[in-house]
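Keep the sequence and the model side by side as you read. We will go from charged pairs to a sheet and then to a helix.

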Amino acid sequence: MQAAGATLVKHYGELAFMGFVEVFMHLRTIFNNINFCKQDIANYKPDVLVLIDYPGFNMRIAAWAKKQGIKVVYYISPQAWAWKENRVKKIKRDVDKMLVILPFEVDFYNKWNYNVTYVGHPLIEVISNEKNKPLHPVTNKPIIALLPGSRAQEINVKLPVMLEMVGSFPDYQFVVAQAPSQPDSLYKGMIGNKNVLLVKDQTYNLLRQSVAALVTSGTATLETALFGVPQVVCYKGNPVSFWLAKKLVKVKYISLVNLIMDKEVVKELIQFELNPANLKTELEKILHNEAYRSQMLKDYTILWHKLGDNNASSLAAQEIMKLVLHNN
């Protein structure tokens, strides 16, 4: 957004807390940022407010903006289909236009008599463009990419387990994709003297050259799939947060790949299942079991077409402009 000309008044990296316990511990910071955001919007007086993802924060802003008479567009829906389905009542009340990026979300909202617009997934456009760029070789050896997430709390938990694989696969070069917001020291302390490379701002370049990947759950699982890289999905959270999530979340899978395909395309190692023995077994399968690997790649092709060949960004912009023009 900054590269496109937007002025950043606060970086989202300062606001991102993941898990029930973690959010509770940072409530004062979160509420201060909500107040800061409201004041900034009030000073700017926008014709339309565009909220993107991040529902715990943005739904509070939507409710406030509606009371101020500001038109609200929400791009990338809260995952009400996964948990707290009653949030749809607040969405219907506070959001003038919902733009969704997952095909099954249209049917979900139809069930609630709320008309949303499916614009396709923005990653299709982004990754299509990325595939046309020149490659910058990382190493001569076949690469196993490690994508341990973007938050320090998740990197600290998942990266050490991923790094346990290095000694078992000496013919491969393990490469860690460093999150832009995290310092080198966070990774180097865990890597130590292991033969592991660290690359920054090169995640897509890395995935294009990888034969396999170990990926923290989230958007990265979908990015990895769209680049055609066989993967194992890794998730381990705070035990209390995980227990609460199991009670509240009602989806069969945690990875976007499996959710969109409505079946297990990629293996998910969750919480206690994420251990070196299981990870080694699954990594061997995606590297050496040709039938397993081939089926995953076929499913990736179906996934690409399911997400549509629309230019999601352009369609989203058109829908926002319709509201701007109607408002004026």
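Which residue forms a salt bridge with Lys111? The partner is Glu85, and the closest N and O atoms of the pair are 3.2 Å apart. A salt bridge here is a side-chain nitrogen of Lys or Arg within 4 Å of a carboxyl oxygen of Asp or Glu. Glu85 lies in the loop between β2 and α4, and Lys111 in the loop between α5 (104-110) and β4 (117-118), so the contact ties together parts that are 26 residues apart in sequence. Helices (H or I, at least four residues) and strands (E, at least two) are DSSP runs, numbered from the N terminus.

A word on the source. This is a predicted model, in which local features need pLDDT of at least 70 and side-chain atom pairs count only at pLDDT 80 or more, while totals for chains, interfaces and linings use all residues. Residues are numbered from 1 along each chain as its sequence is written, and side-chain values use heavy atoms, with hydrogens and water left out.

Back to the pair. Glu85 is buried, with a relative accessible area of 18%. Lys111 counts as exposed, at 57% relative accessibility. The cut-offs are these: buried means under 20% relative accessible area, exposed over 50%, and partly exposed in between (1.4 Å probe, protein chains only).

Side chains of opposite charge can pair when their charged atoms come close. A search of the whole structure finds 11 salt bridges. Asp96 and Lys66 make one, at 2.7 Å from N to O. That pair links distant parts of the chain: Asp96 sits in the loop between α4 (87-94) and β3 (97-100), Lys66 in helix α3 (residues 55-67), 30 residues apart. Asp96 also meets Lys71, at 3.8 Å from N to O. Lys71 belongs to strand β2 (residues 71-75), 25 residues from Asp96. Together, Lys66, Lys71 and Asp96 are linked in a network of salt bridges. How accessible are its members? Asp96 is partly exposed, at 25% relative accessibility. Lys71 is partly exposed, at 25%. Lys66 is partly exposed, at 34%.

Now find the open sheet. Six strands form it, in the order β7-β6-β5-β8-β9-β10, with parallel pairing. Two strands pair if DSSP finds at least two bridges between them. The edge strands are β7 and β10 (267-270), and each pairs on one side only. The twist averages 25 degrees from one strand to the next. Axes are lines fitted to C-alpha atoms, for helices over the stretch in contact, and angles run from 0 to 180 degrees between N-to-C directions.

Look at β5 (residues 143-147) and β8 (residues 210-216). They pair in the parallel sense over five bridges. Leu147 stands opposite Val215 in β8. Helix α10 (residues 219-226) packs on the sheet and touches β5, β8 and β9 (231-235). Its direction makes about 165 degrees with that of β8. Contact means heavy atoms within 4.5 Å.

Last stop: helix α8 (residues 184-191). Leu186, Tyr187, Met190 and Ile191 are buried there. Seen down the axis of α8, these residues fall within an arc of 120 degrees, so they line one face of the helix. The arc is taken from the directions from the helix axis to the C-beta atoms. What covers them includes α7 (152-163), β6 (173-178) and β7 (196-200). On the other side of α8, Ser185, Lys188 and Gly189 are exposed. Just after the helix, Gly192 takes a positive phi of about 60 degrees.
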